[in-house]
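Subject: Structure for your review

Dear colleague,

Please find below the structure that I am handing over to you. My notes on it follow.

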Amino acid sequence: MKGQRTVRVGDRIREVVSQLLIKKVKDPRVSFCTITHVRMTADLKIARIYFSVLDEVQDWHKTLKGLNSAKGYIRKELGRTVVLKTTPQIEFIHDDTFDEMDRIQHLLEKVKTEIL
């Protein structure tokens, strides 16, 4: 089980990065991006930030490129906002949970119509 500290730090990083994307980062590639959760390594040196794209037209690959281009700025702001001994390295990872939920829902509806 993960330590409470890693969970708390991850939650705080999620809040800060979400606010940065809304208010400070002006890249149009990240405009429909939502930070779903953050997983921290046990030593708090790496933050894996999971994101999803709400706009079906926007390709998540473009969003990932936009997030990676803003990575330095986001990390600098994290260092100012979240007080830790060292500012964690950040990695952005696409969260496909919502895509999988849609796929499963579609399959369930298909099975339901075939049975009835």
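Is Arg-29 buried, exposed or partly exposed? With a relative accessible area of 30%, Arg-29 is partly exposed, because that class covers values between the limit of 20% for buried and the limit of 50% for exposed residues. Please bear in mind that this is a predicted model.

Salt bridges

The structure contains 4 salt bridges. Side chains of opposite charge can pair when their charged atoms come close. Arg-29 takes part in one of these salt bridges, with Asp-27 as its partner, and the closest N and O atoms of the two are 2.7 Å apart. Asp-27 is buried, since its relative accessible area is 17%.

Another salt bridge joins Arg-12 to Glu-15, with 3.3 Å between the closest N and O atoms. Both residues belong to helix α1, where they are 3 residues apart, or about one turn of the helix. An α-helix has 3.6 residues a turn, so residues three or four places apart point the same way. Arg-12 has a relative accessible area of 35% and is therefore partly exposed. Glu-15, at 39%, is partly exposed as well.

A further salt bridge links Glu-77 with Arg-80, and here the closest N and O atoms are 3.2 Å apart. These residues are separated by about one helical turn, because they are 3 residues apart in helix α3. Glu-77 is buried, with a relative accessible area of 14%, whereas Arg-80 is exposed at 60%.

Helix α2

Which residues of helix α2 are buried? In this helix, which spans residues 60-69, they are Thr-63, Gly-66 and Leu-67. These residues lie on the same side of α2, because the arc they cover around the axis is only 100°. Lys-62 and Lys-65, on the other side of α2, are exposed. The buried residues of α2 pack against several elements, namely the helices α1 (4-23) and α3 (71-81) and the strands β1 (33-40), β2 (46-53) and β3 (89-94).

The hairpin of β1 and β2

Strands β1 and β2 pair in the antiparallel sense, and 7 bridges are found between them. The hairpin has 5 residues between the strands. Leu-44 lies in this loop and has a positive phi of about 60°, although Leu-44 is not a glycine. Is Leu-44 buried or exposed? Leu-44 is buried, because its relative accessible area is 11% and the class of buried residues takes in values under 20%.

A nonpolar patch on the surface

Val-111, Ile-115 and Leu-116 form a nonpolar patch on the surface. Together, these residues have about 370 Å² of accessible area. Ile-115 is located in helix α4, which covers residues 97-115. With a relative accessibility of 67%, Ile-115 counts as exposed, because exposed residues are those over 50%.

Yours sincerely,
A colleague

Terms used:
Residues are numbered from 1 along each chain as its sequence is written. This is a predicted model: local features need pLDDT of at least 70, side-chain atom pairs count only at pLDDT 80 or more; totals for chains, interfaces and linings use all residues. Side-chain values use heavy atoms; hydrogens and water are left out. Patches are made of residues with over 30% relative accessible area and no salt bridge: like charges are joined within 9 Å, nonpolar side chains (Val, Leu, Ile, Met, Phe, Trp, Tyr) within 5 Å. Accessible areas come from the Shrake-Rupley method with a 1.4 Å probe; for residues, only the protein chains shown count as cover. A salt bridge is a side-chain nitrogen of Lys or Arg within 4 Å of a carboxyl oxygen of Asp or Glu. Helices (H or I, at least four residues) and strands (E, at least two) are DSSP runs, numbered from the N terminus. Buried means under 20% relative accessible area, exposed over 50%, partly exposed in between (1.4 Å probe, protein chains only). The arc is that of the directions from the helix axis to the C-beta atoms. Contact means heavy atoms within 4.5 Å. Two strands pair if DSSP finds at least two bridges between them.
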